[in-house]
Amino acid sequence: MIPIAGDLFMVEKFGPLKFLDKYTRTSVAAWALDDLVVSRVRAAAPGIAVRRIPYTLEELRSGGRQKQNPWFYRAEADVKGFVQFLAPKIRCDRYLVVHRHGGTQREYGIGISQYPYGGPVHLFAMMLIRIYDGRTFELVKEAPALMTEDTYIERMTHNFLGGPSMQLDPAMFPEKPAEVVNNTVLRDGVRTMLIKSLDKTLPALLQRPPSPSSR
């Protein structure tokens, strides 16, 4: 498996217009989010050998990427290319990737957002799970990691950002991004959302249809 939850935490301060949005990144490597993701995959796959494929930051930045027309850029092509790039390290029957993605609003990946004019503050942790065939590298399955069922009612009541989130007291919005890593409320909130969403989503994705001989 290839975890790309990574160690970046987004601090997003939205303006009344999108071009006034301010984005800052800060490191939360001490939170060990990729280790957490791997542990949830292993817990959801009893009896299956789950091996983590290592990679460096430099490989993540450039490994397997092919130049794409910026007008027709597809993130899935980059993810597939990265899987193919790493595959020679460990040959597997399936490659499972858990990586950041955007929701239905302006939030992306893992972080905290603040809306203008005294609007809400949201902590969020949005992951997409993709499974690739180990021989052809074709996409077999994919799904966003959600803490609830993906129904209209749940989207309106719990997943209005398009993924796991929780509303916080505005006082929790960090004035200095460097303060994030030592904030236990933010750390525990992100970890809780990752655990709940992965534990909810992974089991169904990892199920395989019974082989003809077992019918």
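These legends go with a set of close-up views of the predicted model.

Some bookkeeping: residues are numbered from 1 along each chain as its sequence is written, and side-chain values use heavy atoms, with hydrogens and water left out. Since this is a predicted model, local features need pLDDT of at least 70 and side-chain atom pairs count only at pLDDT 80 or more, while totals for chains, interfaces and linings use all residues.

**View 1. Phe14, Tyr23 and Tyr115 make up one aromatic cluster.** Searching the whole structure turns up 5 aromatic pairs. Rings of Phe, Tyr and Trp (its six-membered ring) pair if their centres lie within 6.5 Å; planes under 30 degrees apart are stacked, over 60 edge-to-face, and the rest tilted. Phe14 and Tyr23 are edge-to-face, at 6.3 Å centre to centre and 65° between the planes. Phe14 and Tyr115 have ring centres 4.9 Å apart and planes at 70°, so this pair is edge-to-face. Helices (H or I, at least four residues) and strands (E, at least two) are DSSP runs, numbered from the N terminus.

**View 2. The charged end of Arg106 sits over the ring of Phe14.** The distance to the ring centre is 4.5 Å. To count, NZ of Lys or CZ of Arg must be within 6 Å of the ring centre and within 35 degrees of the ring normal. Phe14 is buried at 4% relative accessible area, whereas Tyr23 is partly exposed at 42%. Buried is under 20%, exposed over 50%, and partly exposed in between (1.4 Å probe, protein chains only).

**View 3. An open sheet of 5 strands runs in the order 3-2-5-6-9, with mixed pairing.** Two strands pair if DSSP finds at least two bridges between them. Strand 3 and strand 9 (165-168) are the edges, each pairing on one side only. From one strand to the next, the twist averages 20°. Strand 2 and strand 5 run parallel, joined by 4 bridges; Glu12 has Ser113 in strand 5 as its bridge partner.

**View 4. Helix 5 (residues 184-206) packs on the sheet.** This helix touches strand 2, strand 5, strand 6 and strand 9 (contact: heavy atoms within 4.5 Å). Its direction makes about 50° with that of strand 6. Axes are lines fitted to C-alpha atoms, for helices over the stretch in contact, with angles from 0 to 180 degrees between N-to-C directions.

**View 5. The largest nonpolar core has 36 residues.** Such a core is a set of buried Ala, Val, Leu, Ile, Met, Phe, Trp, Tyr and Cys residues joined through side-chain atoms within 4.5 Å. Phe9, Ile110, Ile112 and Val190 have the most contacts inside it. Helix 5 gives the most to this core, with 7 residues. Another core, of 14 residues, lies apart from it and includes Ile2, Val79, Val83 and Tyr132.

**View 6. Ala32 and Tyr117 are two non-glycine residues with positive phi.** Most residues other than glycine have a negative phi. Ala32, with phi near 55°, is in the loop between strand 3 and helix 1 (33-44) and is partly exposed at 29%. Tyr117, with phi of about 60°, is in the loop between strand 5 and strand 6 and is exposed at 75%.
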